[in-house]
Amino acid sequence: MPIRLEPQPGLKDLFTTSARAGRNGRPAAGMFISSGDPTATEICASAGLDYLLLDGEHAPLGLETVQAQLRAMAGYPVVPVVRVPALDTVLVKQYLDLGAQSLVIPMVDSAGDAEAAVRAMHYPPRGVRGVGSALARSARWNRIPDYLHRAADLVTLVVQVESAAAVENAEQIAAVDGVDGVFIGPSDLAASMGLIGQQDHPEVVAAVKTVVDQVKAAGKFVGVNAFAADRARDYVAAGADFVNVGADVALLARATETLADTWCGAAAPIE
């Protein structure tokens, strides 16, 4: 008997009316996975967050590593999301074929960039994604019925706004058909504004909130990276639908520093 499987939910499924109601209206919360370790990923996947964002841009995560982490997450009720290294048609195809249904595309500065991302996400005639579902985890090796015709509804495209140019073009970016949501990166945004390392600068915060307003006006969901709890709450109050509130490597770094401070502090001077 042929085996029939159904895909996992995608990121956009967190923002349906019923999903929002199930969270009592609170924003979705997730974190970066940057370590590349499947055990760390599985621990985070079972912690109760809404999504995990595997970072293929700034972490040493290749295709095999991402696939292993997707498998580590598969047994838990958390939405897997992958940030690809760049807006590259071949890379997007490969990450989709791995079974990553929800992709974040970094450094999208214009509506033209967003349109290129849409084309990379979809099979012809809408896009240019290569067809290899019989060979790929995305379709569970043809065990997801009618995958080729359903794929457009199964994938989620989130484009990342993280430059001064992207802020200026945010309204046009958000309006592109096929863009499901926007993720704002305050760190790169601050750098592009001549304020590197100052993502809490009032001008950067104002720019983030401007993008939130424009994306919401376009009817799309919008999120932001904000590890500081007070800043995250501020962006939620401004309308952010999801917030990336941490990273596995950052949590490990801070926790081990606390241990060291507690147990390996400066020794008392010898008299």
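With which residue does Arg 231 form a salt bridge? In this predicted model, the partner is Asp 234, and the closest N and O atoms of the two side chains are 2.7 Å apart. Because Arg 231 and Asp 234 are 3 residues apart in helix α11, about one helical turn separates them. Arg 231 counts as partly exposed at 22% relative accessibility, and Asp 234 is likewise partly exposed, with a relative accessible area of 24%. The contact belongs to a network of salt bridges in which Asp 200, Lys 209, Arg 231 and Asp 234 are linked.

Across the whole structure, 13 salt bridges were found. One of them joins Asp 177 to Arg 126, with the closest N and O atoms 3.6 Å apart. Asp 177 lies in the loop between α8 and β6, whereas Arg 126 lies in the loop between α5 and α6, so this pair ties together parts that are 51 residues apart in sequence. Asp 177 is exposed, with a relative accessible area of 63%, while Arg 126, at 39%, counts as partly exposed. A further salt bridge, between Glu 257 and Arg 254, has an N to O distance of 2.7 Å, and these two residues are 3 residues apart in helix α12, so that about one helical turn lies between them. Glu 257 is partly exposed at 37% relative accessible area, as is Arg 254 at 47%.

The aromatic side chains form 6 pairs. The ring centres of Phe 15 and Phe 221 lie 4.3 Å apart with their planes at 25 degrees, and because planes under 30 degrees apart count as stacked, this pair is described as stacked. The pair links distant parts of the chain, as Phe 15 belongs to the segment before α1 and Phe 221 to strand β7, 206 residues apart. Phe 15 is buried, with a relative accessible area of 9%, and Phe 221 is buried at 7%. Tyr 123 and Tyr 147 form an edge-to-face pair, with 6.5 Å from centre to centre and 85 degrees between the planes. Here Tyr 123 is in the loop between α5 and α6, and Tyr 147 is in helix α6, 24 residues apart. Tyr 123 is buried at 9% relative accessible area, and Tyr 147 counts as buried at 7%.

The largest pocket has a volume of about 410 Å³ and is lined by 22 residues, of which Phe 32, Ser 187, Gln 199, Asn 225 and Phe 227 lie nearest its centre. Helices α9 and α11 each supply at least two residues of this lining, the largest share, 3 residues, coming from α9. The lining of this pocket divides into 9 nonpolar, 7 polar and 6 charged residues.

The structure also holds 2 cavities of 30 Å³ or more. The largest cavity contains about 60 Å³ of space, and its lining includes Pro 7, Arg 129 and Tyr 147; the lining residues divide into 7 nonpolar, 3 polar and 1 charged. The second largest cavity contains about 50 Å³, with Gln 8, Leu 70 and Ser 102 among its lining residues, which divide into 5 nonpolar, 5 polar and no charged.

Note on methods. Residues numbered from 1 in each chain as written. Predicted model: local features only at pLDDT ≥ 70, side-chain atom pairs only at ≥ 80, totals over all residues. Heavy atoms only, no water. 1 Å grid on protein atoms, 1.4 Å probe; cavity = no way out; pocket = protein on both sides within 12 Å on 5 of 7 lines; lining within 4 Å. Points joined across faces, edges and corners; volume = space filled by probe spheres on them. Helix = DSSP H or I, 4+ residues; strand = E, 2+ residues; numbered from the N terminus. Nonpolar A, V, L, I, M, F, W, Y, C, P; charged D, E, K, R; others polar. Phe/Tyr/Trp six-rings, centres within 6.5 Å; stacked < 30°, edge-to-face > 60°. Buried < 20%, exposed > 50% of the residue type's maximum accessible area, 1.4 Å probe, protein only. Salt bridge = Lys/Arg side-chain N within 4 Å of Asp/Glu carboxyl O.
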